[in-house]
Amino acid sequence: MENENSHQEGEMTKKIENQTAKIPSDFFLWTSIAAMGLSLGLKCMKHKHMALFVGQWVAPFLLFGVYNKIVKTHGHDEKEM
């Protein structure tokens, strides 16, 4: 049986989470919507490859938003040793 505290986050992760928790969660939603709009605009202007490139940004922005929300609600390790 493993000790519960054997899977704690490193110092670098804690620093990153402390900084990312400062970003409002809706920033990532609006950024992904902006990327969709920009992608659509590029597609309408016949810039197919650039539209596809920008369109691929949507999923990572939404994933960053999910990560941001998890960090804000649960934070890093609740128990510090």
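In which helix does P60 lie? P60 lies in helix α4, one of four helices in a protein chain that has zero strands, where helices (H or I, at least four residues) and strands (E, at least two) are DSSP runs numbered from the N terminus. The structure is a predicted model, in which local features need pLDDT of at least 70 and side-chain atom pairs count only at pLDDT 80 or more, while totals for chains, interfaces and linings use all residues. Residues are numbered from 1 along each chain as its sequence is written, and side-chain values use heavy atoms, with hydrogens and water left out.

**Overall architecture**

- Read along the sequence, the protein chain follows the pattern α-α-α-α.
- Buried residues make up 21% of the 81 residues in the protein chain, with buried meaning under 20% relative accessible area, exposed meaning over 50%, and partly exposed lying in between (1.4 Å probe, protein chains only).
- Among contacts between residues at least 6 apart in sequence, 77% join residues at least 24 apart, a contact being heavy atoms within 4.5 Å.
- The protein chain exposes about 6,500 Å², of which carbon and sulfur atoms supply 67%; accessible areas come from the Shrake-Rupley method with a 1.4 Å probe, and for residues only the protein chains shown count as cover.

- The buried residues of helix α1, which spans residues 11-20, are K14, E17 and T20. Seen down the axis of α1, these buried residues fall within an arc of 135 degrees, so they line one face of the helix; the arc is that of the directions from the helix axis to the C-beta atoms.
- The buried residues of α1 pack against α4, residues 58-74, whereas the face of α1 turned away from its buried side carries the exposed residues E11, M12 and K15.
- A search of the whole structure finds one salt bridge, defined as a side-chain nitrogen of Lys or Arg within 4 Å of a carboxyl oxygen of Asp or Glu.
- K14 forms a salt bridge with E11, the closest N and O atoms being 3.6 Å apart, and both residues lie in helix α1, three residues apart, about one turn of the helix.
- An α-helix has 3.6 residues a turn, so residues three or four places apart point the same way.
- K14 counts as buried because its relative accessibility is 10%, whereas E11 is exposed, with a relative accessible area of 53%.

**Helix α2 and the nonpolar patch**

- A nonpolar surface patch of about 490 Å² is made by L29, W30, I33, M36 and L62. Patches are made of residues with over 30% relative accessible area and no salt bridge, like charges being joined within 9 Å and nonpolar side chains (Val, Leu, Ile, Met, Phe, Trp, Tyr) within 5 Å.
- The largest share of this nonpolar patch, four residues, comes from α2.
- M36 lies in helix α2 and is partly exposed, with a relative accessible area of 43%.

- S25 has its place in helix α2, which covers residues 25-44, and the side chain of S25 makes a polar contact with the side chain of N68 at 3.1 Å. A polar contact is a pair of N or O atoms within 3.5 Å; within protein, one must be able to donate a hydrogen and the other to accept it, and residues adjacent in sequence count only if both atoms are side-chain atoms.
- Not counting residues up to four places away in sequence, S25 touches N68, K69 and K72, and P24 touches N68 and K72.
- P24 has its place in the loop between α1 and α2 and is partly exposed, with a relative accessible area of 45%.
- P24 and G65 are 41 residues apart in sequence and 8.9 Å apart in space, C-alpha to C-alpha.
- P60 counts as partly exposed, at 34% relative accessibility; P60 and S32 are 28 residues apart in sequence and 8.4 Å apart in space, C-alpha to C-alpha.

- K46 has its place in the loop between α2 and α3, the latter helix covering residues 48-55, and counts as exposed at 74% relative accessibility.
- Phi of K46 is near 70 degrees, a positive value in a residue other than glycine.
- Most residues other than glycine have a negative phi.
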